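Reader: Hi! Could you walk me through this model while I have it open?
Author: Happy to, just ask away.

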Amino acid sequence: MATLSVSLHTSLPAPGSGSAGAAASGARGGNAPRELSVAEQRQVRELQQIDRNVRAHEQAHISAGRGVVTGGPNYTFTYGPDGRAYATGGEVGIDTSPERKPEENIDKGQRIQAAALAPRDPSPQDYRVAAAGGQLEAQGRQDLQRQRLDEQAIDPAADERTRA
């Protein structure tokens, strides 16, 4: 099984350093919210955009992953200066294991590729998983061709029947 993952990070101060960390720890600690500085507001907007992009990316995998997605998305979160958690990375599991029949491997390989490349902006890991799907599809096609040749060797009339 392969895992598709995306990680979109922005250059924010580390938690606990500077005003962003203080705001985050204050908001998480239950203190009354304070007004954010202009820079902190910009960071929040950046984090909101990253969160939307990450969630849309993972949802695209899930929507296209008919039968190969192994579960819901897992997200990596970053706390913003407002104390809220924003998804800055994510992953979705994809089953890349082979099936028993060549036709099933062809179909599954195509579905893996569709799921892996569904996002508007596939990650390097998405391309690796798509390649694994392509290999599974190619192996299925090769196995199917071999199976047909074996059947023809056993029953030469089978070739005539499949053409009719």
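Reader: How many helices and strands are in the protein chain?
Author: The protein chain has five helices and three strands. Helices (H or I, at least four residues) and strands (E, at least two) are DSSP runs, numbered from the N terminus. This is a predicted model, where local features need pLDDT of at least 70 and side-chain atom pairs count only at pLDDT 80 or more, while totals for chains, interfaces and linings use all residues. Residues are numbered from 1 along each chain as its sequence is written, and side-chain values use heavy atoms, with hydrogens and water left out.

Reader: Thanks! In what order do the elements run?
Author: Starting at the N terminus, the order is β-α-α-β-β-α-α-α.

Reader: And which residues make up the largest nonpolar core?
Author: Eight residues: Val68, Ile94, Ile112, Ala115, Ala116, Val129, Ala130 and Leu136. Both α3 (102–116) and α4 (124–154) supply at least two residues of this core. A nonpolar core here is a set of buried Ala, Val, Leu, Ile, Met, Phe, Trp, Tyr and Cys residues joined through side-chain atoms within 4.5 Å. Buried means under 20% relative accessible area, exposed over 50%, and partly exposed in between (1.4 Å probe, protein chains only).

Reader: What else is buried in α4?
Author: Besides the core members Val129, Ala130 and Leu136, the buried residues of α4 include Asp126, Gly133, Glu137, Gly140 and Leu144.

Reader: What span should α4 have, and how far apart are its end C-alpha atoms?
Author: Its 31 residues should span 45 Å at 1.5 Å a residue, and the end C-alpha atoms are 45 Å apart, so the two agree. The expected span is 1.5 Å times one less than the number of residues. For α3, with 15 residues, the reach is 21 Å from first C-alpha to last, close to the 21 Å expected.

Reader: Changing topic: how many aromatic pairs does a search of the whole structure find?
Author: One. The ring centres of Tyr75 and Phe77 are 6.1 Å apart with planes at 65 degrees, so the pair is edge-to-face. Rings of Phe, Tyr and Trp (its six-membered ring) pair if their centres lie within 6.5 Å; planes under 30 degrees apart count as stacked, over 60 as edge-to-face and the rest as tilted.

Reader: What lies over the face of Tyr75?
Author: Arg55 does, at 4.8 Å from the ring centre. That call needs NZ of Lys or CZ of Arg within 6 Å of the ring centre and within 35 degrees of the ring normal. Tyr75 itself is partly exposed, at 24% relative accessible area.
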